[in-house]
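User: I would like to learn how to read a protein model feature by feature. Could you walk me through this one?

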Amino acid sequence: MPMTSSTRRWLLQLAVAALVTVVFTSQVYVWVNLWPMTVSWWSALLWSIPQLLIWGLSIPLVLKLARRLPLEGLRRPGRFVLHLALSVAYAFGVLVVLDLSDAILRWSYLIGAPGSLVADLDKTIIYLHMGMAVYWVVLAADHARHYYGEVRARELQATRLEGQLARAELNALRMQLQPHFLFNTMNAITVLMRSDPAQAEHMVHRLSDFLRVTLDGDGSQEVPLEEELAYLRSYLAIEEARFGDRLTVHFDVADDATAGLVPGLILQPLVENAVRYGIAARAAPGTVGIRVRREGPHLDLMVWDDGPGITSEAPDEGVGLSNTRQRLTTLYGAGHTLTVANRPEGGLAVAMRLPWRTTTSETP
């Protein structure tokens, strides 16, 4: 069972307390045994405990000073000198409290501390540098914690800003596609109004249905594949009304792929390109196909046609394909592929490989 953050924090505090206890005990043991006297490790530990308790109780005061007088900004030199003076005062203050507590509780007598060390100048010296060390360690630790918190906050803010920027860019790309499609459709309706008013009216109704599906969406960047296919069928109903028998649409969608998420409105511009270049550009009938498969951790989508394919070495991608490429890069980074190539049997195929996921929380 993984440890919680509170458990890890408690264990870390326990480890720090144990380390400080070992350091103080070792220092007392070494310092006392430099004199013509000896003290055991056990006595050194017992003698250190009251000191550790008093220093521990005084740490909140150091933390308060650290936060009221941070060592940063234009006041850093003056603050450093001030903290130096405060550390000396803090060390002497702890020494006074230790002496008072010893006078009242007689803890040095009870634990067998060397009597000649209790009140002489050497005790003052060691408490002074130990107290100053505690002050500066706590000060440095609090500033490090504060600095780490600011860095984390800036990282989170940068991540949120990147996400907002990506969403804004994706929305802009989608808004760019919709007028592009509407322009083409309205242009086709205008042409039909002169030659076939009934068909033009039929296309207006189809366009109304298509726009209703569009407006009913919640604006999510990713939608289930079956929702995207329903959107695509609404669009194709317009194109079938426009081209009649000249357009055949073939859907080949695996059942286990329909729950996967895809970028909303990702297939329509590709199908629009296939219709424009594979069907509208010639008089003979043609076919546009949509193939979808789940391949392990990936979702493969392909839009193909049986038209003339790419006839130049560096074809112009146009608005639809260019925006599709940008949207996929913004959403998935290097986690996707998009290829455009002629089919061996004739025509063009645009193939996409996306990461398979069924919830937006799986977004990398």
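Analyst: Gladly! Let's begin with contact, which means heavy atoms within 4.5 Å. Keep in mind that this is a predicted model. Take Val271 as a case: setting aside residues up to four places away in sequence, Val271 touches Leu232, Tyr235, Leu236, Val288, Ile290 and Val303.

User: Which residues have the most contacts inside the largest nonpolar core?

Analyst: A nonpolar core is a set of buried nonpolar residues joined through side-chain atoms. Here the largest one has 45 residues, and those with the most contacts inside it are Val262, Leu267, Val271, Ile290, Leu301 and Met352. Helix α7 supplies the largest share of this core, nine residues. Another core lies apart from it, with twelve residues that include Ile54, Val62, Val94 and Tyr135.

User: How many helices and strands are there in the protein?

Analyst: The protein has nine helices and seven strands. Of its 364 residues, 36% count as buried. Sequence separation is also worth a look: among contacts between residues at least 6 apart in sequence, 72% join residues at least 24 apart.

User: Is α8 mostly covered or mostly uncovered?

Analyst: For this we turn to accessibility, where buried means under 20% relative accessible area. α8 is mostly covered, with ten of its twelve residues buried. Among the buried ones are Pro269, Leu270, Val271, Ala274, Val275 and Ile279, and also Gln268, Glu272 and Asn273.

User: What about aromatic rings? How many aromatic pairs does the count come to?

Analyst: Rings pair if their centres lie within 6.5 Å, and the angle between their planes then sets the type. The count comes to two aromatic pairs. In one of them, the ring centres of Tyr90 and Tyr135 are 5.7 Å apart with the planes at 50 degrees, so this pair is tilted. It links distant parts of the chain, as Tyr90 is in helix α3 (residues 76-105) and Tyr135 is in helix α5 (residues 121-195), 45 residues apart. Both Tyr90 and Tyr135 are buried.

Tyr135 also forms an edge-to-face pair with Trp136, at 6.1 Å centre to centre and 70 degrees between the planes. Through these ring pairs, Tyr90, Tyr135 and Trp136 make up a cluster.

User: Why does Tyr135 count as buried, and why does Trp136 count as partly exposed?

Analyst: Compare each value with the cut-offs: under 20% is buried, over 50% is exposed, and partly exposed lies in between. Tyr135 is at 0% relative accessibility, so it counts as buried. Trp136 is at 23%, so Trp136 counts as partly exposed.

User: Which ring does the charged end of Arg233 sit over?

Analyst: That would be the ring of Phe251, with the charged end of Arg233 4.2 Å from the ring centre.

User: Which side chains do polar contacts join to Glu222?

Analyst: A polar contact is a pair of N or O atoms within 3.5 Å. Glu222, in strand β1 (residues 222-224), has a side chain joined to that of Tyr332 by a polar contact of 2.7 Å. Another, of 2.8 Å, joins the side chains of Glu222 and Arg357. Glu222 counts as buried because its relative accessibility is 8%.

User: Where is Pro297 found, and is Pro297 buried or exposed?

Analyst: Pro297 is found in the loop between β4 (286-295) and β5 (298-305). It is exposed, with a relative accessible area of 56%. Leaving aside neighbours within four places in sequence, Pro297 is in contact with Leu354, Pro355 and Trp356. Pro297 and Pro355 are 58 residues apart in sequence, and their C-alpha atoms are 6.1 Å apart in space.

Key. Residues numbered from 1 in each chain as written. Predicted model: local features only at pLDDT ≥ 70, side-chain atom pairs only at ≥ 80, totals over all residues. Heavy atoms only, no water. Core = buried A, V, L, I, M, F, W, Y, C linked by side-chain atoms within 4.5 Å. Buried < 20%, exposed > 50% of the residue type's maximum accessible area, 1.4 Å probe, protein only. Helix = DSSP H or I, 4+ residues; strand = E, 2+ residues; numbered from the N terminus. Phe/Tyr/Trp six-rings, centres within 6.5 Å; stacked < 30°, edge-to-face > 60°. Lys NZ or Arg CZ within 6 Å of the ring centre and 35° of its normal. Polar contact = N/O pair within 3.5 Å; in protein donor to acceptor, adjacent residues only side chain to side chain.
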